[in-house]
Amino acid sequence: MPKQPQQSAPPMPQPTAEHQKLKEHAGNWKVACKFYMDPSQPPMESNATETVEKIGDFWTISKFENEMMGMPFVGRALFGFEPHSGQFVSTWTDSMAPVLCVLRGKKKGDTITLEGEFFSCMTNTVLKHRITDKFISKDEHVFEMFSTMPDGKEMKMMTNHYKRA
């Protein structure tokens, strides 16, 4: 049997500048939350914590903990950057909704904007969602979420102001 030429393994992926930015996000955060349940009413306010851990050089996973409507609320996010698509990607799931949220987007200036369509328990329909995460410094950022309602109007759902703990 003829000898097969030995193939070398492809080079291991290397972290990009976007991955370096994600790594800066790791740590413990205190979060001042505002939830806009009814545009005609003031937002519901509460405090939360979030712990963000690195998964190697490419991903982070976070655990968000809060109390919502008198009940414990826990959410998990996986966040990374795909060099082949040039996009940031994130998933979200939490203890109050049987929904996996998937979002994709880009960074412009100091803000990452992600978009996705997923089921809303508020309206019992699939809605377009948009989130923005504006980085003020390595120790502070502001996250906002918007939903496009069935009437086509975008509504702010929440603002979370993060400060490193």
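Here is a chat about the predicted model shown above.

Me: How many helices and strands does the protein have?
Reply: Let's walk from the N terminus: the elements run α-β-β-β-β-β-β-β-β-β-β. Count them up and you get one helix and 10 strands.

Me: What do the strands, β1 to β10, build together?
Reply: They run in the order β1-β2-β3-β4-β5-β6-β7-β8-β9-β10, with antiparallel pairing. Neighbouring strands of this sheet are turned by 25° against each other on average, if you ignore direction. Put together, the 10 strands make a closed barrel.

Me: What does the C-alpha trace span along its principal axes?
Reply: The protein has 165 residues, and buried ones make up 36% of them. It exposes about 10400 Å², with carbon and sulfur atoms supplying 56% of that. As for the C-alpha trace, the span is about 75 × 35 × 30 Å.

Me: Where does helix α1 sit, and at what angle does it run to β4?
Reply: Helix α1 covers residues 17-24. It lies across β2, β3, β4, β5, β6, β8 and β10. Its angle to β4 is about 155°.

Me: How many residues lie between β8 and β9 in their hairpin?
Reply: β8 takes in residues 125-137, and β9 takes in residues 140-148. The two form a hairpin, and the number of residues between them is two.

Me: And what is the bridge partner of phenylalanine 146 in β10?
Reply: β9 and β10 run antiparallel, and nine bridges join them. β10 itself spans residues 154-164. Within β10, the partner of phenylalanine 146 is lysine 156.

Me: What phi does asparagine 124 take?
Reply: Asparagine 124 is found in the loop between β7 and β8, a hairpin with four residues between the strands. Most residues other than glycine have a negative phi. Asparagine 124 is not a glycine, yet its phi is positive, at about 60°.

Me: Is asparagine 124 buried or exposed?
Reply: To count as exposed, a residue needs over 50% relative accessible area. Asparagine 124 reaches 57%, so it counts as exposed.

Me: Which loop holds methionine 69, and what is its phi?
Reply: Methionine 69 has its place in the loop between β3 and β4. It is exposed, with a relative accessible area of 57%. Although it is not a glycine, its phi is positive, at about 55°.

Me: Which residues form the nonpolar patch on the surface, and how much accessible area do they have together?
Reply: Methionine 69 belongs to it, along with Met37, Met44, Met71, Met96 and Met122. Methionine 37 is found in the loop between β1 and β2. Together, the patch residues have an accessible area of about 570 Å².

Me: Why is methionine 37 called partly exposed?
Reply: Partly exposed is the range between the 20% cut-off for buried and the 50% cut-off for exposed. Methionine 37 falls in that range because its relative accessible area is 43%.

Me: How far apart are glutamate 50 and valine 31 in space, C-alpha to C-alpha?
Reply: Glutamate 50 lies in strand β2 and is buried, with a relative accessible area of 6%. Not counting residues up to four places away, it touches several others, including Val31, Ser62 and Tyr162. In sequence, glutamate 50 and valine 31 are 19 residues apart; in space, the distance is 7.3 Å.

How values were computed:
Residues are numbered from 1 along each chain as its sequence is written. This is a predicted model: local features need pLDDT of at least 70, side-chain atom pairs count only at pLDDT 80 or more; totals for chains, interfaces and linings use all residues. Side-chain values use heavy atoms; hydrogens and water are left out. Two strands pair if DSSP finds at least two bridges between them. Axes are lines fitted to C-alpha atoms, for helices over the stretch in contact, and angles run from 0 to 180 degrees between N-to-C directions. Contact means heavy atoms within 4.5 Å. Patches are made of residues with over 30% relative accessible area and no salt bridge: like charges are joined within 9 Å, nonpolar side chains (Val, Leu, Ile, Met, Phe, Trp, Tyr) within 5 Å. Accessible areas come from the Shrake-Rupley method with a 1.4 Å probe; for residues, only the protein chains shown count as cover. A salt bridge is a side-chain nitrogen of Lys or Arg within 4 Å of a carboxyl oxygen of Asp or Glu. Buried means under 20% relative accessible area, exposed over 50%, partly exposed in between (1.4 Å probe, protein chains only).
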